[in-house]
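Subject: Structure for your files

Hello,

Here is the structure I said I would pass on. My notes on what was found in it follow below.

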Amino acid sequence: MDHIIWLSVLGAVRALDYAMVGQFMVSQPLVIGGIFGALLGDLPNGILIGALIQLLWISIMPVGAYVPPDYTVTGGVTVILTLTLVRQYGFHFGTSMILALGMSIPAGILSGKLDIAARHFNVRLDQRAESLAGKYGLTGIAWANLAGLGPAFLRNFLIYLLWLGPGVWLAVKLSGSMPPQVVKGLGLVFWILPALAFAVVLEIIAKDRAHWWIAAVFFSVGLLLLIWPGEIILALAAALAGATAVVCWRRKW
Amino acid sequence: MVNTPVFRLTKWTLTAVVWRSFFLQACWNFQRMQNLGFCFAISPVIKALHRAPRARQKAIARHLEFFNTHPYCASIILGVVAKLEEQAAQAGDDEAREAVRVKIGMMGPLAALGDVVYWAMLRPALALVGVSLVLFGDYDQVWLVVLGPICFVGLYSIAHLGLRIGGIFLGYKRGVEIVKELHRFSPQQIARCLSFFMAVMLGMAIPAYPLLKGWRVLDSRMLGVVLMALLVGLMYFGLRRRISVAWLFYGLVGLAILAAYAGLF
């Protein structure tokens, strides 16, 4: 129980970085996967889970009044659930990750909804700021501004606590009672999940007619592999060199 | 109304502004957005320049007005406003209307610049570099995998901290003149360049992933690559139809389980 509370505190503190304090990107799934992975004794797999989730929601950020689901919470919860299922209960890695991700997506959606509520609540803090400034000067402004961090911390702490307490229990029960076909299905999704992640990246850049570049590099790598079968690294290096040449040739973008 | 004594802002005051600018969105609200964060960030400047309680209250009130921009690019506005507040205080003007006017004028264009360059392109591009290092790294050598998140945060920190720290000092040094220098930046050009970079990375990743993970279809590795390209195309089609990533994921899980029950693999 103790470690669930500590992990929830850590998760809630790092969640502040997502939109409220700093935005140094330490809350991103790629980074938090490494931190939780190291704490749970499996650094490489923690980072791998974080990397896959990072790609899935690579372009999602709260911009202005647009508040999307907080998929960094999804990332953190998925890493902890997966590594708990694998290391403590001996379940299969890929299957556990897909099950954990499926369970964690609602956590991110809930965090986003509560973020919207918190931003409405912050209007009250803003309205009180002027009277606080009249009473306490600049210290009053500091209190009003930093008071916004409290609800944000609490909301993510409770979400982590809920998903890591009853959530782990539920995940263990589900993993232990899954029919073999479901296990096979989840295992397959783990292998093809990068395809969905690559499609997300493709969608970001497609508007700049970049798909022609993607096709050019894709077919170049394919062609190089036909010439030198097995030399994957060599083919990738050649494609990268070609791209660099294009950058040098086409100075104006 | 003469506001005395008047001090010049020191580098320590500006350093305090840099530190406080990290809390710009701590109390983001739907009414006046980043106003509290801006007032909190500019507080060291108000404290240094306005000793008289009335002048200080006026300064607080004018910086509690509506404010919203990109959190990184806000640093430039903070620097320029610090300069204009200093000039106004030295002139004995405790209204500092120019500071308010410039603040309002700069926040829109800088928000657009930051959104296009940082949120839409730089962050995804560097995340893609970090993720590629992880996905294609050698799991027997942990340090190679760790390099992924380190590269992402390290390179991104250079880009955003450079702007956030440099922006305040440069904004203060150049004042309103910085607007002319900002005109030289073309966010679309930067975005196109980063878009090309991401396209190259993706063009390499799509064939490299199935090859490095040993995908085989009918005992052929090249058919594994074709299968991956088809899957990416199919998912992309779904995304273009405005199906969210979460629903695509759940749909994929459902289809895979159905396929397993049907004995297709």
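In what follows, a helix axis is a line fitted to C-alpha atoms over the stretch in contact, and an angle between two axes runs from 0 to 180 degrees between N-to-C directions. Please keep in mind that this is a predicted model.

On that basis, helix α2 (residues 35-49) of chain B packs against helix α4 (residues 74-90) of chain B at about 15 degrees, and their axes lie 10 Å apart. Angles under 35 degrees count as roughly parallel, and α2(B) and α4(B) are therefore described that way. Their crossing is right-handed. On the α2(B) side the contact is made by A41(B), I42(B), V45(B) and L49(B). The α4(B) side contributes L78(B), V81(B), A82(B), E85(B), E86(B) and A89(B).

As background, nonpolar side chains in soluble globular proteins tend to be buried together.

For L196(A), I also have the contacts beyond four places in sequence. One partner is L56(A), while M235(B), V245(B), L248(B), F249(B) and L252(B) belong to chain B.

Chain A overall: there are eleven helices and zero strands. The C-alpha trace of chain A spans about 75 × 55 × 25 Å along its principal axes. Of its 253 residues, 49% are buried. Among chain A contacts between residues at least 6 apart in sequence, 66% join residues at least 24 apart.

Within chain A, helix α4 (residues 71-89) has 19 residues, which at 1.5 Å a residue should span 27 Å; the end C-alpha atoms are 26 Å apart, in agreement. Because 16 of those 19 residues are buried, α4(A) is largely enclosed by the rest of the structure. After α4(A) comes G90(A), with a positive phi near 70 degrees.

Last, one residue of chain B. F237(B) sits in helix α9 (residues 221-240) of chain B. Is F237(B) buried or exposed? A residue is exposed if 12 or fewer other C-beta atoms lie within 10 Å of its own; F237(B) has 11 such neighbours, so it counts as exposed. Its C-alpha atom is 23 Å from that of W215(B), which is 22 residues away along the chain.

Regards

Definitions and conventions:
Residues numbered from 1 in each chain as written. Chains lettered and ligands numbered in written order. Predicted model: local features only at pLDDT ≥ 70, side-chain atom pairs only at ≥ 80, totals over all residues. Helix = DSSP H or I, 4+ residues; strand = E, 2+ residues; numbered from the N terminus. Buried ≥ 20, exposed ≤ 12 C-beta atoms within 10 Å, placed from the backbone. Expected span 1.5 Å × (residues − 1). Contact = placed C-beta atoms within 7 Å. Parallel < 35°, antiparallel > 145°, perpendicular 65-115°, else oblique. Left-handed = near helix turned anticlockwise from the far one by under 90°.
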